[in-house]
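Thanks for making time for this. I would like to take you through one model, beginning with a local detail and ending with the chain as a whole, so please have the structure open as I speak.

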Amino acid sequence: MAKVLRCAIYIRVSTEEQHLNGLSLPAQRKALTEYAEANGFTIAGYYADEGISARKPMKYRKGLLSLLEDVKQDRIDMILVTKLDRWFRNIKDYNITEEILQAHHCYWKTIYENYDSSTANGQMVINIMLSVNQAECDRTSERIKAVLDYKRSIGEVTSGRCACYGYRVEDNRLVKDEKVSHIIDDAYRHYFSCYSIRNTVAYLREKYGEDAPSVNKVDRLFKNETYAGKDKENYSYCVNILTAPFFI
């Protein structure tokens, strides 16, 4: 009777790819699960890295590290990924990973591309494609950095995430959030009377209850350069709430 392969499913998406069609984590998970089930594989586990570039060093890819630990425990026979660029774009880390897989008789497979890591010729093709992907990733990173630097220079918001506490986004720029500006002013006044963040947090909780900002938000009021109207080298990025000399 043929052995039923224990299959690990690995999915990854970087921040800028979150909403692209076919690249989201749910889309990858669904496609890989259907492939495993259609081929009679036993799914040993799902491993995901969300918001992490494949060019990032392995130490930042917790899903991958967890997967490799299970490989070392001989719990996995094969790894399924959708495409090579979901797996690696970094040649050095790929080769380190491949050594671990070979030592534990585990291999990987892409379901949308045809790669064979079991032969010398197959490994050569993979390394060539990784080189191409790595170069393209570097060029893309340079283009993105140039765009972000330009946006910062003209005071535009560079992130799709929510504005930091005390600000809101209007016409792609940060403006004061008047709904909480009185709380922030009160936080600054109290802090500079006692110079204690813990004391300031307790004061705000007692005075504003559920409307009081969290410990992290209060802490950032004194450490995030945005509150001084600054972003990197742009000193007029947005309206300042606190002048720079008061930062801790």
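This is a predicted model: local features need pLDDT of at least 70, side-chain atom pairs count only at pLDDT 80 or more; totals for chains, interfaces and linings use all residues.

Let me begin with strand β5, residues 167-170, and strand β6, residues 173-176, which pair in the antiparallel sense over 4 bridges. One of the residues to look at here is E170, whose bridge partner in β6 is R173. The hairpin that β5 and β6 form has 2 residues between the strands, and in it D171 takes a positive phi near 55°.

Which residues of the largest nonpolar core touch the most other members? That core has 23 residues, and the ones with the most such neighbours are Y167, I184, Y188, L204, L221, F222 and Y227. Two or more residues each come from α6 (181-194), α7 (197-208) and α8 (215-221), and among the elements it is α6 that gives the most, with 5 residues. Apart from this core lies another, of 22 residues, which includes V71, I76, I79 and I126. As background, nonpolar side chains in soluble globular proteins tend to be buried together.

Now to the cysteines, where a search of the whole structure finds 0 disulfides. For C7, the nearest cysteine sulfur belongs to C106 and is 9.3 Å away. Is C7 buried or exposed? With a relative accessibility of 0%, C7 counts as buried, because the cut-off for that label is under 20%.

If we take the contacts between residues at least 6 apart in sequence, 60% of them join residues at least 24 apart.

Finally, a word on confidence. The mean pLDDT of the chain is 81, and 80% of its residues reach 70 or more. Over residues 244-248, however, the pLDDT is below 50, although in the model this stretch has 13 contacts beyond near neighbours in sequence.

Notes
Residues are numbered from 1 along each chain as its sequence is written. Side-chain values use heavy atoms; hydrogens and water are left out. A nonpolar core is a set of buried Ala, Val, Leu, Ile, Met, Phe, Trp, Tyr and Cys residues joined through side-chain atoms within 4.5 Å. Buried means under 20% relative accessible area, exposed over 50%, partly exposed in between (1.4 Å probe, protein chains only). pLDDT is the predictor's confidence in each residue, from 0 to 100. Contact means heavy atoms within 4.5 Å. A disulfide is a pair of cysteine sulfur atoms within 2.5 Å. Two strands pair if DSSP finds at least two bridges between them.
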